[in-house]
Every structure is written in structure tokens, then in C-alpha cells.
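Let's take a friendly walk through this model. Please keep the sequence and the 3D view side by side as you read.

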Amino acid sequence: MEAEVLKRISRGIIMRTGAYVTNDHFMISSGRHAREYVEKRLVTTEPAFTEGLGEIVAAHFAASPVDVVLSSGIGATTLGHCVARAHPSRPKLLYAVKGKGKEGETEVTLPREFLPFLNPRSSALIIEDILTTGSTVRALIRLVEKRGGRVVGIGSLWNRHPGIKFSCPFFALVSQNFPTYSRDACPLCEKGVPINTEYGVIVGAPPRRVRGAPGKGPRSRARR
Ligand SMILES: [Zn+2]
């Protein structure tokens, strides 16, 4: 299937789960504002869709023998299950636990029960749901390499970092980022569009007040 068609179908499927929302006003985890939002918790709520997306990722890597599918995080592991189920090598599914290193960097640890499955003979396929900075994927690559294994590929539903490069084949169903704005330069705040409170992060500071309407800044939308 042509890459652009595949991307359109995948984005449509993700949108149908409610995980991809456009034409609204969101605050993302960095505190910046955006018109679009991808809510990773909702990406895997429809098992039939998740299985379908997992099959596409598995088909992409079908020619590579895979011993383990490795992920971290509940959403990524749910997708990882679907990829592992659909891959012709019938790999095992392992998940690592996320934490922070001394410098605040993302680190992952493999539960010791899984250690025998990731060894110098292992070919690993890493699965991520939404790739934003790539820090989790890089931590998973380090984990595989530390165990002496080999990463045969990285599969992701949505890559928000289109310029990202890895040393092994990387496949994302959708590769798209969207513009974000600082609070002071946000065109939606400027128009007084209320921040969507159902998605995104609501941090302390309210959006900036609209000029010429003192005391009547954009309100947060009430929950439906
Ligand atoms: Zn704004």
C-alpha cells in the first residue's frame, strides 16, 4: 500500500478512537498550546483497531526474524501484544519498567523474570505507541544492547518527531507533528478560545487574558 494512503487510513483509525483531536485549543505536557492533540491513553481503547494497527506494524517487519517484542508503558505494551501476535516469528512479548536516571534521563529496567528471554542471541523489535522525543525508545535500545541482543527494528503508531533518526529500521504508521505555541504567542488565546479541559495538561497558570476584556479571560471549558 502506498505510504501516504496507509498514513491517511491509520490517522483515520486513530481519530475514530478519539485519541486524535483537531480544531480545538489544548495545553500539552510541555505547557505549550496547540490546535491538535494526540491522547496516548485513548489510542489503544478499541481492541479491533489496535489489532489492525498491530498487524500493519508486524507486516512491515515480517521479513525480519524477531525473538522478542519489547516495549515500555501500558499503551505501547498493548500495541506490542498485537504486533507480537501478528508477527510470523511468534516472538515473546516483554515489557520494561520506566524510570529516571541520575541526570533525569529516561531509563528502563527489565523485570528479572524476563531477563532470560533477552540475551546475546535475541533479535528484538521495539514498539512504541506515540513517539514524542524518542527517549523511551533510546532507553530500550540501550537495554537490548546491554544484554548483548540486537534491535531489528522500531515500530510506532505515531511519530511526532519526523526528523528523528535511529541506527536501525524505523517505521511509524503516522509521522506528523503539529505546531505548538507559547502561551504569549498563541493565536487561540488571542481569540479567546477556551482551553479544552478534557485533553491535555491543565497546569496552574490560566491562559493569558484577552486584550480589551479585563477580568474576562478565556475560561476553561466545563466537562461535558
Ligand atoms: Zn492558547
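Which residues of α1 are buried? They are S10, I13 and I14, where buried means that 20 or more other C-beta atoms lie within 10 Å of a residue's own, exposed means 12 or fewer, partly exposed is in between, and C-beta atoms are placed from the backbone. Seen down the axis of α1, these buried residues fall within an arc of 95°, so they line one face of the helix; the arc is that of the directions from the helix axis to the C-beta atoms.

Before going further, two notes on reading. This is a predicted model, in which local features need pLDDT of at least 70 and side-chain atom pairs count only at pLDDT 80 or more, while totals for chains, interfaces and linings use all residues. Residues are numbered from 1 along each chain as its sequence is written. Helices (H or I, at least four residues) and strands (E, at least two) are DSSP runs, numbered from the N terminus.

On the other side of α1, E4, V5, R8, G12 and R16 are exposed. The buried residues pack against several elements, including α3 (47-60) and β9 (150-159). Just after α1, G18 takes a positive phi of about 85°.

Now to the strands, which pair if DSSP finds at least two bridges between them.

| Strands joined | Bridges | Direction |
|---|---|---|
| β3 and β11 | 2 bridges | antiparallel |
| β5 and β6 | 5 bridges | parallel |
| β6 and β7 | 4 bridges | antiparallel |

An open sheet of 3 strands has the order β2-β3-β11. In this sheet β2 (26-27) and β11 (180-181) stand at the edges, each with a single partner strand, so one side of each is left without a neighbour. H33 has Y181 in β11 as its bridge partner.

Finally, P120 lies in the loop between β7 (106-109) and β8 (123-131). P120 is exposed, with 8 other C-beta atoms within 10 Å. P120 and R147 are 27 residues apart in sequence, yet 6.3 Å apart in space, C-alpha to C-alpha.

Note on methods
Contact = placed C-beta atoms within 7 Å.
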